[in-house]
Amino acid sequence: SGRLGVLDASECPPTFCSDPAQVVGIIAGGDGALRRSSEGREDEWEGIAPEFERLALGARDCFLGIAAGGTTPYALGGVELAKKRGAATGFLTCAPSAQPRMCDHLIVLETGAEILTGSTRLKAGTATKIALNAITTAMFVRLGKTHGHLMVDLAATNDKLVDRALRIYREFFPGDSRESAHAQLLAAGGMLKVALVMRARGVDRTQAELLLAANGGELRRVI
């Protein structure tokens with residue numbers, strides 16, 4: 001569960017050009033546990049407390065505990081500690097369970113018994129990844145990181161992403177050549193959303209960035 005949380009959080013910046021500090025994955029045992037299991041650390045009810053201190057978790061934050069079996073002390077304790085710090089709280093599990101104390105939102109994915117008894121990396125793990133994908137994608141859609149089905153908040157940092165950015169750009173402006181689209185993207189510092197505003201409003205990069213900032217980053221409101 002912890003690895004899936006870290007995985008989904010790590011996918012947000014490249015997908016939505018989000019601040020890496022906006023969605024943070026925390027796993028019992030720290031980053032070393034991503035490759036080598038630290039099951040003993042999962043039993044520490046207040047084990048997450050140092051991470052909350054480091055992140056200065058507070059009333060403007062939301063914490064989602066993830067535990068496939070619904071009983072992991074590290075995740076359950078995290079919900080209580082987060083609530084005491086004023087954060088909104090949720091708990092995601094694949095086993096029918098009562099709502100944990102101080103949990104605002106309980107999410108139960110009833111995946112049933114595993115093909116290999118107790119191996120929750122199978123059905124439960126797959127369902128958890130889908131749920132986390134849905135949660136973070138919906139959040140970034142609400143935050144204006146997309147335009148319809150298009151990933152407009154995109155930083156063209158390698159050849160694959162440059163190609164993707166140009167194809168999206170030309171969905172907005174099909175009459176523009178690929179060469180002119182590329183020139184606009186370069187003038188925008190590789191930021192697709194900025195390039196789209198520059199083209200639509202006839203402004204330079206600085207003005208485009210100011211327009212986006214004044215409209216909460218929502219492309220639809222600018223163009």
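Two notes on the source. The model is predicted, with pLDDT of at least 70 needed for local features and 80 or more for side-chain atom pairs, while totals for chains, interfaces and linings use all residues. Residues are numbered from 1 along each chain as its sequence is written, and side-chain values use heavy atoms, without hydrogens and water.

Start with the helix pair. Helices here are DSSP runs of H or I, at least four residues, numbered from the N terminus. Helix α5 spans residues 159-172, and helix α7 spans residues 192-201. Their axes, lines fitted to C-alpha atoms over the stretch in contact, come within 10 Å and cross at roughly 30°. Angles run from 0 to 180 degrees between N-to-C directions. Under 35 degrees counts as roughly parallel, so α5 and α7 are roughly parallel to each other.

Which residues meet? From α5, A165, I168, Y169 and F172; from α7, L192, A195, L196 and R199. Contact means heavy atoms within 4.5 Å.

Now burial. Buried means under 20% relative accessible area, with a 1.4 Å probe and protein chains only. In α7, 7 of 10 residues are buried. They are L192, K193, V194, A195, L196, V197 and M198. The cover includes α5, α6 (178-187), α8 (205-214) and α9 (219-222).

What follows α7? G202, with a positive phi near 65°.

Last, N215, in the loop between α8 and α9. Is N215 buried or exposed? N215 counts as buried because its relative accessibility is 18%. Leaving aside neighbours within four places in sequence, N215 is in contact with R221 and V222.

Terms used: Helix = DSSP H or I, 4+ residues; strand = E, 2+ residues; numbered from the N terminus. Parallel < 35°, antiparallel > 145°, perpendicular 65-115°, else oblique. Buried < 20%, exposed > 50% of the residue type's maximum accessible area, 1.4 Å probe, protein only.
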